[in-house]
Amino acid sequence: MTSLDGRTVFITGASTGVGKAIAYEIAKVGKANLILAARRIALIEELKTELESKYEGVKVLPLKLDVSKVEEIESTIASLPEEFANIDVLINNAGLALGVDYVRNLDMQDTMKVINTNVIGLIAMTKAIIRIFYKNDGHGDIVNISSIAGQDSYPGGSIYCCSKAAVSMFTSTLRQETIDTRIRVMEIDPGMIDTDFLTVRAHGDKAAADRVSRGLEPLTGQDIGELIVFGITRRENFVLSQATALPSFQADCTYMYRKE
Ligand code: 8X3
């Protein structure tokens with residue numbers, strides 16, 4: 001097992017949900033330096049206080065970053081304080097779905113927001129940080145959060161599903177390109193998780209989101225955090241290349257077992 005002590009881990013979309021849970025799971029097991037990036041900096045400041053007081057030796061750098069604004073990514077990473085500049089692990093978690101509209105009714109602003117965040121932002125983050133890995137003798141871990149929706153489509157999911165399929169293809173290409181290094185490229189494909197994902201997808205309509213998950217027991221962010229900790233603490237020659245993580249009721253993103 002590789003220790004996380006002293007490793008610098010960059011997590012995008014870290015203020016809530018899965019990103020926040022990943023930060024917790026890492027803090028539990030190692031004295032890591034965590035760069036926690038999100039649009040809502042106040043939430044990250046709170047998380048810093050929580051994590052640093054609970055887990056001795058963990059250091060948190062809150063970072064205001066909207067990955068969909070790709071022009072800001074390079075300069076943000078170039079101006080990290082020295083203590084956090086030498087990144088060892090990148091967890092590309094920021095992502096969202098907006099709406100479940102059929103193609104004929106797509107809102108193009110929402111479409112661009114989803115593609116810019118889930119795909120372009122992830123690519124720009126990866127490009128910026130993999131350059132640090134190459135300078136660092138070809139070492140480092142990249143964990144891309146894709147989705148079961150990148151494997152199976154559903155009506156109304158054209159943009160989200162294609163964004164996650166793009167993440168999966170980008171990830172496998174990157175794994176091939178780095179095969180002669182000790183850079184590990186991992187893809188995690190979760191099914192339904194108990195976060196505000198469904199509410200965001202429903203444009204804030206919690207009742208509509210609750211109808212989707214009614215009677216179902218989704219995964220938790222902690223489940224995904226534990227899986228990622230497993231991947232990034234393996235010995236160097238072990239690559240958790242792709243893992244699909246589903247709750248027991250879910251066979252793919254549409255075929256779900258409901259008791260009632
Ligand atoms: C979202 C997965 O199953 O909730 O990434 O559509 S699901």
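**A parallel sheet, its helices and a ligand shell**

Strand β4 (residues 89-92) pairs with strand β5 (residues 139-145) in the parallel sense, over four bridges. Within this pairing, Ile-91 stands opposite Val-143 in β5. The model is a predicted one.

Now widen the view to the sheet. Seven strands make up an open sheet. Their order is β3-β2-β1-β4-β5-β6-β7, and the pairing is parallel. Which strands are the edges? They are β3 (59-64) and β7 (242-245), and each pairs on one side only. Neighbouring strands of the sheet are turned by 15° against each other on average, direction ignored.

Helices come next. Helix α1 (residues 17-29) lies across β1 (8-12), β2 (33-38), β4 and β5. Helix α1 runs at about 165° to β1. Helix α2 (residues 41-54) also packs on the sheet. Helix α2 touches β2 and β3, and its direction makes about 180° with that of β3.

Now the whole protein. The secondary structure comes to nine helices and seven strands. The radius of gyration is 18 Å, close to the 18 Å that the globule rule gives for 260 residues, so the protein is as compact as a globular protein of that length. The C-alpha trace spans about 50 × 35 × 35 Å along its principal axes. Of the 260 residues, 40% count as buried. Take the contacts between residues at least 6 apart in sequence: 74% of them join residues at least 24 apart.

Last, the ligand. Ser-147, Ile-148, Ala-149, Pro-190, Gly-191, Met-192 and Cys-253 surround the ligand. By class, this shell has five nonpolar and two polar residues, and no charged ones.

Terms used:
Residues are numbered from 1 along each chain as its sequence is written. This is a predicted model: local features need pLDDT of at least 70, side-chain atom pairs count only at pLDDT 80 or more; totals for chains, interfaces and linings use all residues. A residue is near a molecule or strand if its C-beta atom, placed from the backbone, lies within 6 Å of it. Ala, Val, Leu, Ile, Met, Phe, Trp, Tyr, Cys and Pro count as nonpolar, Asp, Glu, Lys and Arg as charged, and the others, Gly among them, as polar. Helices (H or I, at least four residues) and strands (E, at least two) are DSSP runs, numbered from the N terminus. The radius of gyration is taken over C-alpha atoms; the globule rule is 2.2 Å times the number of residues to the power 0.38. A residue is buried if 20 or more other C-beta atoms lie within 10 Å of its own, exposed if 12 or fewer, and partly exposed in between; C-beta atoms are placed from the backbone. Two residues are in contact if their C-beta atoms, placed from the backbone, lie within 7 Å. Two strands pair if DSSP finds at least two bridges between them. Axes are lines fitted to C-alpha atoms, for helices over the stretch in contact, and angles run from 0 to 180 degrees between N-to-C directions.
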